[in-house]
Structure formats: structure tokens, C-alpha cells
Amino acid sequence: MKVLVIGSGGREHAIVLKLLESPRVEELWCAPGNGGISAVAHTAPVNVMDKEGMVALAKEKGIDFAVVAPDDPLAAGMADAFEEAGIPAFGPSAKAAVIEASKVFSKNLMKKYGIPTARYETFTDEQAAEDYVRAQNQYPTVIKADGLALGKGVIIAQNEEEAVEAIHSMMAEGKFGDSGKRIVVEEYLTGPEVSVLSFTDGKTVVPMVSSKDHKRALDGDEGLNTGGMGTIAPNPYYTPEVAKECMEKIFLPTIDAMNKEGRTFKGCLYFGLMITKDGPKVIEYNCRFGDPETQVVLPLLKSDLLTIMEAVHDGRLSEVPVEFSDGAAACVVIASGGYPVKYQSGYPISGLDEKGQAEGVTVYHAGTELKDGTFYTHGGRVLGVTATGATLDEALRKSYAAVETITFKDAHYRHDIGKIPAGNR
């Protein structure tokens, strides 16, 4: 089969490498791709939001199956565009992708169907939102832009001044563009965070191995929120008992709720959870593979990814095996200095072989470019260095050993991935 993956980050590199393990994949394309992806697959410079361009590329290359990985194109109907062109695609319809594309929709869905989540209110008026946080007078409090904001549209305000500033920056100053015209103000939950990616065909839900994302830019969970500075899998807090409760109270009810709303979800549904003293609650849904969670989850997948994705598309997920290996995986992200605010790109990267890899690990390229045989930095998060092992300590040791051999100007990474408590967000 000829397969096309849409996207350009570390998540897409992880999907590409896992699909290439399938004996059924004859030719693999990725658009637009990145430096690391171009070392192992064909790439095409089509903008990730260009539905017509992507469909035209698929037709030109004789693509049999498309995988739409990022949130923005899914919310804009990229999977629908492929389906309308007669090309089967993995990824939810725009109607179903709204579960991530609108925080207001997802919170209202949970309230309507009794799915455990934080208490909240939604606002389209800045003054009303400010009056609400002052009246509540409970801090920290969480303020979220309604729409997509590259994983950065959440501000945890520690006091009234920070809360008012967050509301103003979103609603009046347009910090997140149109995404911040509506906001959600919600209760701050405490407890260990868990990410659970799951395959679903709208009937069956198959959770993948759990993971833990480290969002803060600096060691000790300090600094600004980022798209993710590293991940581990499995998450030590996600016990069999918690998993059972999540399946009964969150996973299956969510799929059922989406069906009842006429928004059947088929693809990868990501559950961002917090294990509170009152049990697991949903912090957020994502309508796709998480980044960088995918970089630790897929290396542990033993089953054929293409076969699973086809089964999801065809509504027969219950018929195919989805197995994960024992052991653990760890990913350490090497970022550009100054990320997530201001950073420079275009620096040569040393320590990688001709395929952009390093010994004993898998290096997932997030923001790189390949020019004349040399990899250059081309983004905030540059590389995700992933290792597997019988234990988490072994995986972390291997990952960090490789990280120390990979260098570029102003490279920055956290030194405590997997080592600090998987604690409060």
C-alpha cells in the first residue's frame, strides 16, 4: 500500500517510523514532513492546512490510505476531504474533532453526560469573566482559550491579578487569536496527571499504554508551559484499578456521548486525565495522537499500526489485536534555547548519523531541516530522543546518554524527565 501522513513534527516522525515497520507499506509519503522524516520517506512541501493540495498530492501519488495527524487540519475537515475524494483516512471528521477544537463544547458534553471533570463556567464577555473569578476568589484557577492554540492556550493563574491579566490577554488582546474569543474558567484540580491515547472506531475503545508528559520548560516543573519537554510510559500512577474506573466512567461514556450527539469519533482519542482524591477526571480531550506522548507510546506497540488504523476506519477494531510490549519508554526533548518564547533556528546539529539517528535510541525529529547531508534546527522543539528498556530507569539512562552526544548552539533540555513526581499540573 501507498500511505500518506499529514504533518511535520515529532509525532508524525513516530507515526512514519512505526508505519514503515509494516510489511504492507510499499511506499510512504509525508507532507510537509521535516528533515528526519525526509531521511526515511518521501516528503512534499504542501501546507498542512491545504486540503485541496493534500488531496491532489494523494491522487497524483496513487495513495491508498491517508493519516491526518495534527489537530488544526482535522478540525478544518482534512479527513472529510480525503473521504470525499474516495481516499480512506485515519482521523476524525471535523464534526467529531470539535471535541478538541472547542473547550466549551467538550466541557458542556461532559456536563450533559455526567463525565467527571472540573467545575467550570464559559464566557464570551471579558467583564463577566473577571467578575466571576473575583467572586469565586479561589486560586489557583485555570483559564482556557476555547479554540486550538498549539497546546498553549491554558493559563494557571495563582491570584486575582494573574487571572484578570490572563482573561484580558485572551479576550481583549487576542493572545490566541479567535481561539480566545470564548474562554473557560475552571476549578484547579490536583493530583497526578495521566495521558491515555486510545484507538476507537466509534464502538470499541482500545486504550494504548499510559504516559506522562512534562509540560514545563525548566527543571523542577518550573518555567512556562510548552508543547512538551519529555514523556515517559507507562505512567506509574495509572494502576489497573484506575484504568478500570476510567473505562467505565470516562472512555466508554465519552464515545457513547459523541454517538448520541451525532458526532461519531473514529481515530485516536486522547484523554488528558487527573487522578484526584475523588477519582479520575478529564482535564482535556485531544482528537489525535499527543506530541510528545506518541514518541513513547508507539515504540512499545507490537501490533501492525496500519492494520489497526484500517480497522478503526472500517469499524472493525474489535477484530484486530492491539498489543504493547512490557517494559518502559522515555523521551527527552531537546529544544532551541529560548523556547517556548523567542528562539533562533538554522543551527547545524552534530551527533546524528545520515538518517538523523543516534546509537541505542530512536531520535524523532520535530523541528529539523536536512540540507546537503546536514541536519539543521528548524523550530522550538527540535528533537525527541527516545529509548526503551525493561525498566523506566534503564530507558531514561539510555535516553540521557544519547542526549549528551547530540549538540547544537543554544540547545536546551530538562534533566529531570521521569525523575520528579508525576504531580500536579
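# A walk through the predicted model

Asp 221 is partly exposed, with a relative accessible area of 26%; partly exposed covers the range between buried, under 20% relative accessible area, and exposed, over 50%, with a 1.4 Å probe and protein chains only. This is a predicted model, in which local features need pLDDT of at least 70 and side-chain atom pairs count only at pLDDT 80 or more, while totals for chains, interfaces and linings use all residues. Residues are numbered from 1 along each chain as its sequence is written, and side-chain values use heavy atoms, with hydrogens and water left out.

Asp 221 sits in the loop between β13 (216-218) and β14 (222-225). Helices (H or I, at least four residues) and strands (E, at least two) are DSSP runs numbered from the N terminus. The phi angle of Asp 221 is near 60 degrees, a positive value in a residue other than glycine. Asp 410 also has a positive phi, of about 65 degrees, although it is not a glycine. Asp 410 lies in the loop between α13 (392-403) and β23 (411-412), and at 43% relative accessibility it counts as partly exposed.

Loops also hold two cis peptide bonds. One runs from Tyr 139 to Pro 140, with omega near 0 degrees, and Pro 140 is in the loop between α8 (126-136) and β7 (141-145). The other runs from Asp 291 to Pro 292, with omega near 20 degrees; Pro 292 is placed in the loop between β17 and α11 (294-297).

Helix α1 is mostly covered, with 9 of its 11 residues buried. Among the buried residues of α1 are Gly 10, Arg 11, Glu 12 and His 13, and also Ile 15, Lys 18 and Leu 19. The axes of α1 (residues 10-20) and helix α12 (residues 305-314) come within 8 Å and cross at roughly 105 degrees. That angle makes α1 roughly perpendicular to α12, a class that takes in 65 to 115 degrees, whereas under 35 counts as roughly parallel, over 145 as roughly antiparallel and the rest as oblique. The axes are lines fitted to C-alpha atoms, for helices over the stretch in contact, and angles run from 0 to 180 degrees between N-to-C directions. Ile 15, Lys 18 and Leu 19 of α1 meet Leu 305, Leu 306 and Met 309 of α12, where contact means heavy atoms within 4.5 Å. By class this contact has 5 nonpolar, no polar and 1 charged residues. Here Ala, Val, Leu, Ile, Met, Phe, Trp, Tyr, Cys and Pro count as nonpolar, Asp, Glu, Lys and Arg as charged, and the others, Gly among them, as polar.

In soluble globular proteins, nonpolar side chains tend to be buried together. The largest nonpolar core in this model has 47 residues, and those with the most contacts inside it are Leu 4, Phe 82, Ile 99, Phe 251 and Leu 273. Such a core is a set of buried Ala, Val, Leu, Ile, Met, Phe, Trp, Tyr and Cys residues joined through side-chain atoms within 4.5 Å. Helix α10 (residues 240-260) gives the largest share of this core, 7 residues. A second, separate core of 43 residues includes Leu 317, Ala 329, Cys 331 and Val 333. Leaving aside residues up to four places away in sequence, Phe 82 touches Leu 4, Ile 6, Met 54, Val 55, Ala 58, Ala 66, Val 68, Ile 87 and Ala 89.

Lys 107 belongs to helix α7 (residues 103-113) and counts as buried, at 2% relative accessibility. Its contacts, not counting residues up to four places away in sequence, are Thr 117, Ala 118, Tyr 120, Val 184 and Glu 186.

Turning to the strands, 4 of them form an open, antiparallel sheet in the order β11-β10-β16-β17; two strands pair if DSSP finds at least two bridges between them. β11 (205-207) and β17 (279-286) are the edge strands, each pairing on one side only. From one strand to the next, the twist averages 35 degrees. Strands β10 (residues 193-200) and β16 (residues 267-276) pair over 8 bridges in the antiparallel sense, and Ser 195 has Gly 272 of β16 as its bridge partner.

Strand β22 (residues 381-389) is mostly covered, with 8 of its 9 residues buried. Strand β18 (residues 328-336) pairs with β22 in the antiparallel sense over 8 bridges. Cys 331, listed above in the second core, has Thr 386 of β22 as its bridge partner. Strand β19 (residues 362-365) is joined to β22 by 4 bridges, and the two run antiparallel; His 365 stands opposite Leu 383 of β22.
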